[in-house]
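Okay, let's get going. Have a look at the chain on the screen, and I'll talk you through the middle of it.

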Amino acid sequence: MEQNSASGPSGPSGPSGPSGPSGSTGSLSARIRARLSELRETEARVAQVVLDQGAALVHLSVSDVAALAGTASSTVVRTCQRLGFRGFQELKLEAARQAPEPTPPPVDDPAAHALAATLHASRDALDGVAATLDTGALTAAAEALHTASRVVVVGAGLSGAVALDVAYRLRALGCQVDAPPDPLTAQLAAAQLPPDGVCFAISHTGATRTTVDTARRARGAGATVVTLTSYARSPLSETSSQVLVAGGQDLVFGLETSASRIAHLAAVDALTHLLMSLRPEIARRHLDLSADITADHAY
């Protein structure tokens, strides 16, 4: 089953998120967490200090951060640059834009507390999408799907629900889609993809073995691999042509399950909007057909 952990797996290099700061609440932490596995040990310590300090980072100097991380000031600057900032000052400005998280009032009702925590995690995940999702990769993925003769969609465990949504959306826009529920069948379908085919692989961690193996089969056949994941570097991103990173949040265990799927579904929505703009006539014809079929099943 797909694991939903709060920390990303390490793996070979994959495409990173968009550069430049974002002003959305929670976007800075999401952006950093999505790239933690790209950093060396000393750089990861610097990144962790930044995450721990949050908006309070504005009161620290580069030397303060270096001391807290147990490293040199030059490492702090290099870490900021690897995270997409020009230097420490730009990172501080972005941190200053992040309002500190207010402490929620005590809630006696367990149901109300669970609902509030879940909604908070979901909002945090959606805020992070703008910081981690590369619009260039999103455009390239839409173009690949537009020209694909066949698409195989794969996702295991909790990502399976997102895979079903992707398959339905693409089919409703006129794509020839196969979404085998069995992992062996999925690998066979991926291995049979033509060079103009696309394997769309979804995995929160990017490390689910059956999903990674299916993507590798598709890549071996010469097909394009589009990945939707929560981390910029993973075994899945290594074999992918386009990596859509929507996530990277450090969430409480049990809440990341729904939050990561909400972030992934938001990325799917953006992708389908782009695909519709590339094939307006085809999309309209198939959407009308979908509406007719849906109407036949409604009272």
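So, which residues point one way from β3, and which the other way? Val-198, Phe-200 and Ile-202 go one way, Cys-199, Ala-201 and Ser-203 go the other, and all are buried, meaning under 20% relative accessible area with a 1.4 Å probe, protein chains only. Strands here are DSSP E runs of at least two residues, helices are H or I runs of at least four, and both are numbered from the N terminus.

Quick caveats: this is a predicted model, where local features need pLDDT of at least 70, side-chain atom pairs count only at pLDDT 80 or more, and totals for chains, interfaces and linings use all residues. Residues are numbered from 1 along each chain as its sequence is written, and side-chain values use heavy atoms, with hydrogens and water left out.

Now the sheet. It's open, five strands, ordered β2-β1-β3-β4-β5, with parallel pairing; strands pair if DSSP finds at least two bridges between them. β3 has six bridges to β4 and five to β1. Phe-200 has Val-226 as its bridge partner in β4, while Val-154 is bridged to Ala-201 in β3.

Back to Phe-200: its contacts (heavy atoms within 4.5 Å), not counting residues up to four places away in sequence, include Val-152, Leu-145 and Leu-271. Phe-200 is also among the residues with the most contacts inside the largest nonpolar core, which has 35 residues. Such a core is a set of buried Ala, Val, Leu, Ile, Met, Phe, Trp, Tyr and Cys residues joined through side-chain atoms within 4.5 Å.

How values were computed: Buried means under 20% relative accessible area, exposed over 50%, partly exposed in between (1.4 Å probe, protein chains only).
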